[in-house]
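The terms are defined where they are first used.

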Protein chains: 2
Amino acid sequence: MLEFAVLGLLADAPMHGYELRKRLGGLLGGLRAFSYGSLYPTLRRMQAAGWITETGSGVAPPTSGLRPKRARVVYQLTAQGKEHFADLLADASPPSWADDRFDVHLAFFARTSAEVRLRILQGRRRRVADRRDGMRASLGRARERLDRYTRELAEHGLESADREVRWLDELIAGEQADTSSEAARPAMGPQPQPHHP
Amino acid sequence: MLEFAVLGLLADAPMHGYELRKRLGGLLGGLRAFSYGSLYPTLRRMQAAGWITETGSGVAPPTSGLRPKRARVVYQLTAQGKEHFADLLADASPPSWADDRFDVHLAFFARTSAEVRLRILQGRRRRVADRRDGMRASLGRARERLDRYTRELAEHGLESADREVRWLDELIAGEQADTSSEAARPAMGPQPQPHHP
DNA sequence: GTCATGTTATATCGAAACGATACGTGAACA
DNA sequence: TGTTCACGTATCGTTTCGATATAACATGAC
């Protein structure tokens, strides 16, 4: 996932590691940090894969005359890197609904086709709703014999999942409104979701 | 963290891996799964550390007469394991406020002293509130030039953090109510929290 | 009857991410 | 002058993940 995020950030502009790290923090509104321990190995992996290259260029560090021992390393996307990023953007397969991948992709939704956006939102919705239902069921079964804290935890988790489902419903509704206005189709209510393929 | 959770589960009753895995799923009301790829290595680590031992006993698998090639491996806590678990339960240092550790500890709060419970809840509250404030600040700064999806993501994240803070406040209020009724002290309003030590 | 499917159960693999920390430069400020 | 802070690259060992292999047995369909 870090890989996905890095591709997306470098698609905007070449950058060095420290800058990437700072922006990664902002990407999800502060969720998910990504430490240097992940970042630098990832950059090397991506370089080995041919998705990014170092460029010696980049604005020289604000050194007054003296060049520092270790210069900034600025990375930029290669053609293959752009291609790979495009592939990731277009991927709406089940793994893209995972917790850690979904929000990264969402951060690049503006660059994702409407069709893929909708499929991912729906897939994600199904996944979170399933989890929520599982939580609700096991909480219903167990509620009596749970101590206060375990029950609080379970209930808070359940509410969070529930909130996420409603949030996704709003996003989906937004997508469908866009689509139907584009296609000049009459507005339609939420489609009943077929469950488990 | 898996280690903490396993200690807590085995403190209740000896168990084999598969059973542990199922219960781990329920621990946080369905949040955080813990795959086998984590579990079995962890069990071996813990065994090497002397916190758990295998017991050949355990109810025989429902084999009618024939013993299976590979018997169940039932694990139980050693004395050192119990000690280590007690240490973890009593630990209210900053790492215990981390996302992945807090909820595991919360699941065992019934076995944690009131004093430690309060310190952890307060530490956690401070951490989440700080993150929330950071989110709010960067969202305020950036809101205009964010595309719809990035903004939705940031706003949803912010609301989640906000909800968690309020939830923690309720838990803390509950703790303080308990404490003050025990000590027969007059009820007092929420203490203003000193910020950053 | 036997054949697909599902559950119980143990286990390993490589890849990915983490937290802490080291090292170094320069600016700000007390 | 010294100390603290922001910038910047980097590595270490540890933990966790996801996918997958293997195998015994149970259930129900055909």
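1. A:R124 is buried, with a relative accessible area of 4%, where buried stands for under 20% relative accessible area, exposed for over 50% and partly exposed for what lies in between (1.4 Å probe, protein chains only). The side chain of A:R124 meets that of A:D99 in a salt bridge of 3.0 Å, N to O, the term being used for a side-chain nitrogen of Lys or Arg within 4 Å of a carboxyl oxygen of Asp or Glu. This pair links distant parts of the chain, since A:D99 lies in helix α5 (residues 99-107) and A:R124 in helix α6 (residues 114-142) of chain A, 25 residues apart. A:D99 itself is partly exposed, at a relative accessible area of 41%.

2. On provenance, this is a predicted model, in which local features need pLDDT of at least 70 and side-chain atom pairs count only at pLDDT 80 or more, while totals for chains, interfaces and linings use all residues. Residues are numbered from 1 along each chain as its sequence is written, chains are lettered from A and ligands numbered from 1 in the order in which they are written, and side-chain values use heavy atoms, with hydrogens and water left out. Helices (H or I, at least four residues) and strands (E, at least two) are DSSP runs numbered from the N terminus.

3. In chain B, the side chains of B:R124 and B:E164 form a salt bridge at 2.9 Å, N to O. Here too distant parts of the chain are linked, B:R124 being in helix α6 and B:E164 in helix α7 of chain B, 40 residues apart. B:R124 is buried at 4% relative accessible area, and B:E164 also counts as buried, at 13%.

4. Over all chains, a search of the whole structure finds 30 salt bridges. One of them joins A:R132 and A:D133 at 3.2 Å, N to O; A:R132 counts as buried at 13% relative accessibility, whereas A:D133 is partly exposed at 34%.

5. How many residues of chain B are in contact with chain A? There are 31, and they meet 31 residues of chain A, with contact taken as heavy atoms within 4.5 Å. The two chains bury about 2800 Å² between them, 61% of it on carbon and sulfur atoms, buried area being the accessible area (1.4 Å probe) that two parts lose on being put together, summed over both. In chain B, B:Y149, B:L153 and B:R163 lose the most area to chain A, together 27% of what that side buries.

6. Across this interface the rule finds two salt bridges, including that between the side chains of A:R163 and B:E159, at 2.9 Å, N to O. Helices α5 (99-107), α6 and α7 (148-182) of chain B each supply at least two residues of the side that touches chain A, and α7(B) gives the most, with 17 residues.
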